[in-house]
Amino acid sequence: MKVAISKRNEMRTNYQSALNELDAKEAQHRKYASQPGKEEKAEKLAQEVEKAKMKAEGIQQQYELVSRRVLDEVHRFRDSKRVDFKVG
């Protein structure tokens with residue numbers, strides 16, 4: 001169970017990192033998009049923003065999957081302990 005919780009925490013950290021990266025790329029894009037003559041750079045950053053969004057969404061899905069598995073494991077553990085106490 002500790003391994004599952006550790007994996008969930010690792011996935012949460014990865015997800016937060018991906019969101020921070022996305023925020024940084026969006027800020028850069030806004031900066032260059034508002035500057036005349038920087039259209040090429042802004043377009044490149046727009047593509048990077050889209051890639052960062054897809055990455056964050058993928059990591060979010062992984063995080064949600066791991067979280068569901070951890071919750072299932074917690075419920076299974078709790079139920080098994082409940083049965084142990086009833087038997088004992």
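Accessible areas were computed by the Shrake-Rupley method with a 1.4 Å probe, and for residues only the protein chains shown count as cover. On this basis the protein chain exposes about 6900 Å², of which carbon and sulfur atoms supply 52%. The structure is a predicted model, in which local features need pLDDT of at least 70, side-chain atom pairs count only at pLDDT 80 or more, and totals for chains, interfaces and linings use all residues. Residues are numbered from 1 along each chain as its sequence is written, and side-chain values use heavy atoms, with hydrogens and water left out.

Helix H1 covers residues 2-33, and helix H2 covers residues 39-87. The C-alpha trace spans about 75 × 15 × 15 Å along its principal axes. The radius of gyration, taken over C-alpha atoms, is compared with a globule rule of 2.2 Å times the number of residues to the power 0.38. For a compact globule of 88 residues a value near 12 Å would apply, whereas the protein chain has 21 Å.

Buried residues account for 18% of the 88 residues, where buried means under 20% relative accessible area, exposed over 50%, and partly exposed in between (1.4 Å probe, protein chains only). Contacts were defined as heavy atoms within 4.5 Å. Among contacts with a separation of 6 or more, 71% are formed by residues 24 or more positions apart.

Isoleucine 59, located in helix H2, is buried, with a relative accessible area of 14%. Apart from its neighbours within four places in sequence, isoleucine 59 is in contact with Met11, Asn14, Tyr15 and Ala18. The C-alpha atoms of isoleucine 59 and glutamine 28 are separated by 22 Å, the two residues being 31 residues apart along the chain. Histidine 75 also belongs to helix H2 and is partly exposed at a relative accessible area of 36%. Between histidine 75 and alanine 42, 33 residues apart in sequence, the C-alpha to C-alpha distance is 48 Å.

With Lys and Arg counted as positive and Asp and Glu as negative, and His and the chain ends not counted, the chain carries 20 positive and 15 negative charges. Each charge was placed at NZ of Lys, CZ of Arg, CG of Asp or CD of Glu, and the mean positions of the positive and negative charges are 6 Å apart.

A salt bridge was defined as a side-chain nitrogen of Lys or Arg within 4 Å of a carboxyl oxygen of Asp or Glu, and the count comes to 5 salt bridges. One of these joins lysine 25 to glutamate 48, with the closest N and O atoms 3.2 Å apart. Because lysine 25 lies in helix H1 and glutamate 48 in helix H2, this pair ties together parts that are 23 residues apart in sequence. Lysine 25 counts as buried at 19% relative accessibility, while glutamate 48 is partly exposed at 24%.

Another salt bridge links glutamate 10 with lysine 7, at 3.9 Å between the closest N and O atoms. These residues lie 3 residues apart in helix H1 and are therefore separated by about one helical turn. Glutamate 10 is partly exposed at 41% relative accessibility, and lysine 7 is partly exposed at 39%. In helix H2, arginine 76 and glutamate 73 are likewise 3 residues apart, or about one helical turn, and their salt bridge has its closest N and O atoms 3.0 Å apart. Glutamate 73 is partly exposed, at 30% relative accessibility.

Conventions:
Helix = DSSP H or I, 4+ residues; strand = E, 2+ residues; numbered from the N terminus.
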